[in-house]
Amino acid sequence: MRIEQLEYLAAVTEHGSLRRASEAMHISQPALSEAVTKLEKELGTTLLDRRRTGSRISRRGLDLQEFMAEVLEAVDRLREAAGQQSARRRDLRIGTVSTASSSLLAPALRDLHARHGSGGVEVVSSRQADIQQGLAEGVLDLGLVNLLPGDEVDPMLVADRLIEGTPVACLRADHPLTSRDEVTVEELRAEPHVLMRTGYVMQRYAQRLFGADLPATTYATDGAEMGKAMVAAGLGISILPDFSMAADPLVRAGVLTTRPISTDHTTVTLVMLRRRTDRVPEPVRDLQAALVRRARAYLAGTELDEVLPDVAPTASGDLPAVTPIGSRARAR
């Protein structure tokens with residue numbers, strides 16, 4: 001067994017295919033595939049599920065992933081102790097539905113950079129089910145998703161509650177409905193709407209709110225950020241969680257505002273998803289802690305630019321400041 005074989009397998013897991021892993025590792029795809037195949041023969045198990053659509057780590061590979069990560073981390077520590085500058089640097093990958101980008105994720109990433117300095121972070125905007133799958137397969141390190149009452153999560157994952165909010169109408173500041181303290185479902189139905197695409201929680205919420213009688217004019221988009229941009233452009237109204245609007249630059253600039261929806265008391269819960277594992281890399285633990293700090297700041301009404309005290313997670317990634325949500329089945 002060679003260290004580079006473990007590094008190649010880790011790259012396939014991180015990048016989701018042999019081709020992208022070979023590009024990242026600067027090695028030909030046949031050579032990388034052969035190295036992983038030799039490792040599989042040596043261990044006597046299949047580590048990758050090879051399909052036409054790409055190669056993903058197998059179930060057995062997931063079982064062994066934690067042990068392989070320990071080996072690679074030990075090698076990195078050895079290289080650093082020896083003064084080598086070639087220690088393996090793995091980017092953190094966070095999957096998000098983007099509704100928490102302004103209020104939580106962006107300031108938490110700033111905290112992470114202040115603590116660790118260099119290091120790459122990739123933020124992947126995606127749908128709920130894709131984020132859960134990416135976490136289960138080891139492609140993502142953390143996920144931020146929204147849940148409606150009754151939603152459940154994959155039993156392989158831990159869901160930590162960060163913020164509980166309510167849906168609000170996102171309006172341009174010059175929209176006539178801003179003259180109201182709150183808006184009714186009938187008033188919303190009469191306006192053009194920017195909806196989330198199928199697979200997003202707020203799309204399911206809109207279907208519950210309007211039933212079969214949707215607004216006559218609708219647009220569909222991926223994620224809250226584009227939705228807010230389309231509202232700012234005058235294309236209609238969007239319905240989003242209140243916490244996604246709290247620190248948004250368009251709100252601070254006076255371009256967008258919100259109004260509560262009368263007679264509706266639905267809650268939307270922002271949760272942090274992570275794999276069940278006994279070993280969590282230090283940068284991932286620190287990002288978890290930063291997200292918890294920012295959630296506390298939001299709930300306490302603290303300015304996001306303020307310096308907040310550290311929250312120290314345990315080696316297993318447990319965070320005493322959050323409330324775990326039951327993990328049963330995959331969220332719909």
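Which helix lies across β7 and β10, and at about what angle does that helix run to β10? In this predicted model, helix α8, made up of residues 201–210, lies across those two strands and runs at about 120° to β10.

- Three strands form an open sheet in the order β10-β7-β11, and their pairing is antiparallel.
- The edges of this sheet are held by β10 (238–241) and β11 (256–260), each of which has a single partner strand, so one side of each is left without a neighbour in the sheet.
- From one strand to the next, the twist averages 45°.
- Strand β7, which covers residues 167–172, pairs with β10 in the antiparallel sense over four bridges, and Cys170 has Ser238 in β10 as its bridge partner.

**A helix packed on the sheet**
- Helix α9 (residues 224–232) packs on the sheet, where it touches β7, β10 and β11, and its direction makes about 40° with that of β7.

**The second largest pocket**
- The second largest pocket has a volume of about 290 Å³, and of the 16 residues that line this pocket, Arg56, Arg93, Val124, Val139 and Leu140 are the closest to its centre.
- Two or more lining residues are given by each of the elements α1 (3–15), β4 (121–125) and α6 (128–136), while the largest share of the lining, four residues, comes from α6.

How values were computed
Residues are numbered from 1 along each chain as its sequence is written. This is a predicted model: local features need pLDDT of at least 70, side-chain atom pairs count only at pLDDT 80 or more; totals for chains, interfaces and linings use all residues. Side-chain values use heavy atoms; hydrogens and water are left out. Two strands pair if DSSP finds at least two bridges between them. Axes are lines fitted to C-alpha atoms, for helices over the stretch in contact, and angles run from 0 to 180 degrees between N-to-C directions. Contact means heavy atoms within 4.5 Å. On a 1 Å grid over the protein atoms alone, a cavity is a set of points where a 1.4 Å probe fits but cannot get out, and a pocket is an open set with protein on both sides within 12 Å along at least five of seven lines; lining residues have an atom within 4 Å of a point. Grid points are joined across faces, edges and corners, and a volume is the space filled by probe spheres set on the points.
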